[in-house]
Amino acid sequence: MPVRAVVRRSYYRDSMVLMRVAEALRARPGVREAAALMGTPANHELLAAAGLAADETKDAAPGDLVIAVSADTTAAADAAVGEVERILTEQRPMAAAPGRALPRTLDSALRQMPDANLVAISVPGEYAKLEALRALRRGLHVFLFSDNVPLDDEIELKRLAVDKGVFCMGPDCGTAYVNGVGLGFANVVPRGRIGCVAASGTGLQAVVSRVAALGEGISHGIGVGGRDLSAEVGGVMTEMALEALATDPATEAIVVIGKPPAPSVVPKLEAAIGRIGKPVVVCCLGARPAASAPGRWVATLEEAAEATVATLRAAAWTARPFTDVADVKTRLARARAQTPRGPAILGLYTGGTLAHEAALILEPLVGKAARLVDLGDDEFTRGRPHPMIDPEARAGRVREAGRSGEAGVLLVDLVLGRAVHPDPATPLAAAVYDARRAAGAAGGALVAIASVVGTDGDPQDLRRQITTLEAAGVEVLPSNAQAARFAALVTRPDLEPMLLGAP
Amino acid sequence: MVAVLDQPLRVVNVGLELFAAELTRAGVPVVHVDWRPPAGGPDVAALLARLDD
């Protein structure tokens with residue numbers, strides 16, 4: 001198959017722009033495969049694996065942009081490559097104002113906006129520390145989306161942030177809300193009286209979305225990065241965020257979201273919570289708090305939202321496995337009628353915290369029958385965008401699960417919000433449809449179960465996303481925890497009395 | 001209180017252009033930096049982090 005490639009020397013575009021360029025090229029007539037990437041060693045391997053390596057691409061350096069296309073005919077490949085310049089221009093979301101060049105450095109940006117108060121950083125991890133240091137040294141708050149930042153660098157950055165009295169949200173901070181503004185992957189939620197401190201991006205998204213569905217809103221959602229409560233980092237940003245929310249007049253109740261704190265951090269966290277004269281709900285997934293621990297500790301993200309809203313409204317609230325038992329029974333009858341092939345549950349997740357939550361719920365219910373995969377983990381995202389932006393990586397794994405027969409139940413998440421894929425349900429539904437057909441052809445069903453993190457305000461249209469999944473035969477449950485419990489029920493009818501109550 | 005929580009957000013965006021576009025769409029003042037890796041790659045960036053300022 002003819003391959004054509006162009007290399008632009010010393011030309012950088014970010015991974016999201018390049019993904020869109022490759023998509024636009026793939027959509028052209030006769031094009032079979034296309035790649036747009038920087039010439040790093042890992043990307044040269046990807047090019048070779050995709051059959052897109054060419055003489056022109058061989059000596060591309062990490063600072064060079066490589067665009068390669070394979071097509072049915074030489075003419076189609078030439079035509080596609082001929083469009084590269086136009087596509088590169090089209091796929092830039094931020095153009096400079098007329099007569100004004102985009103600044104190249106933080107300092108030149110600050111000359112354009114001298115009163116900037118926050119720097120959002122999402123450069124590749126190996127460059128993140130330099131940019132974050134520059135912002136913190138100038139006394140600016142940092143939202144640090146970049147991952148793959150070494151732990152020692154995180155400690156250094158947060159120490160500097162504390163000295164300067166500013167937030168260092170991250171590294172690896174997927175989502176935050178500051179003064180009503182969502183940063184990163186953010187669901188559209190109303191402003192309100194609940195403040196969040198989150199060591200998890202998708203965890204924060206799940207909680208704020210549920211809060212919005214319950215009719216409340218968010219004051220701030222301070223992301224701290226997944227390692228903040230580790231022994232090494234010592235919870236410094238969590239402590240600072242708790243103190244800030246404690247004195248914030250807009251915040252009436254606080255939710256802490258993350259993984260269990262390291263034992264050495266527990267006393268500090270408990271002391272910080274104890275000092276707050278506002279209700280605090282703590283959702284550290286998998287934590288076993290001491291009975292004396294201050295705050296109200298809950299086990300799931302859904303419970304975190306519900307408990308906080310109930311506390312604010314002085315309403316009685318207890319955790320329960322399902323919100324609508326009658327609906328679950330209807331879905332269960334439909335799922336069991338399909339006769340899933342085998343008891344194995346395969347979870348293919350885009351949200352790491354959602355995968356972790358599902359694992360914690362499923363382990364005591366089905367033991368080793370459940371396998372949860374976080375496709376946003378570093379090992380899957382090297383050289384390509386996060387699966388919340390680029391759904392194709394998961395779609396491939398879903399189809400493979402249909403062919404391989406490795407599971408009788410497929411469990412997935414779907415995360416909406418600003419900056420995530422504009423229509424993630426469509427490629428997922430298509431993949432589930434194919435997987436279910438492949439499983440059916442092999443003589444057994446693949447039962448597909450999902451939950452959607454999103455709000456009515458999100459650009460993807462929450463209702464339409466759910467309808468798209470359901471049309472492909474996916475059972476959509478109201479939360480990730482309920483979806484995980486439902487998966488267990490499909491494979492283990494003996495769990496019904498425990499999870500659904502007496503018949 | 002940490003100052004940013006009671007002030008309108010004004011953002012400099014370094015990295016993914018999409019984030020700057022989303023902030024603009026949400027009505028937040030943002031200046032996007034046309035960032036590119038320093039010549040010499042990560043090693044030079046690490047050196048600059050030590051020498052800077």
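**Close-up 1. The end of helix α15 in chain A.** Just after α15(A), A:G405 takes a positive phi of about 70°. This is a predicted model, in which local features need pLDDT of at least 70 and side-chain atom pairs count only at pLDDT 80 or more, while totals for chains, interfaces and linings use all residues. Residues are numbered from 1 along each chain as its sequence is written, and chains are lettered from A and ligands numbered from 1 in the order in which they are written. Helices (H or I, at least four residues) and strands (E, at least two) are DSSP runs, numbered from the N terminus.

Helix α15 of chain A covers residues 392-404.

**Close-up 2. The buried face of α15(A).** Here A:R394, A:A395, A:V398, A:A401 and A:G402 are buried. A residue is called buried if 20 or more other C-beta atoms, placed from the backbone, lie within 10 Å of its own. Seen down the axis of α15(A), the buried residues fall within an arc of 120°, so they line one face of the helix; the arc is that of the directions from the helix axis to the C-beta atoms. They pack against β14 (345-349), β16 (409-415) and α16 (425-441) of chain A, where contact means C-beta atoms, placed from the backbone, within 7 Å.

Close-up 3. Look next at residues 65-71, the strand β3(A): seven of its seven residues are buried. A:L65, A:I67, A:V69 and A:A71 point one way, and A:V66, A:A68 and A:S70 point the other way. In a regular strand the side chains alternate between the two faces of the sheet.

Strands pair if DSSP finds at least two bridges between them. Six bridges join β1 (residues 3-8) of chain A to β3(A), running antiparallel, with A:R4 and A:V69 as bridge partners. Strand β2 (residues 31-38) of chain A also runs antiparallel to β3(A), joined by seven bridges; there A:V31 stands opposite A:A71.

**Close-up 4. Where chain B meets chain A.** The contact takes 38 residues from chain B and 49 residues from chain A. On the side of chain B that touches chain A, the largest share, six residues, comes from α1(B).

Technical notes. A residue is buried if 20 or more other C-beta atoms lie within 10 Å of its own, exposed if 12 or fewer, and partly exposed in between; C-beta atoms are placed from the backbone. The expected span of a helix is 1.5 Å times one less than its number of residues. Two residues are in contact if their C-beta atoms, placed from the backbone, lie within 7 Å.
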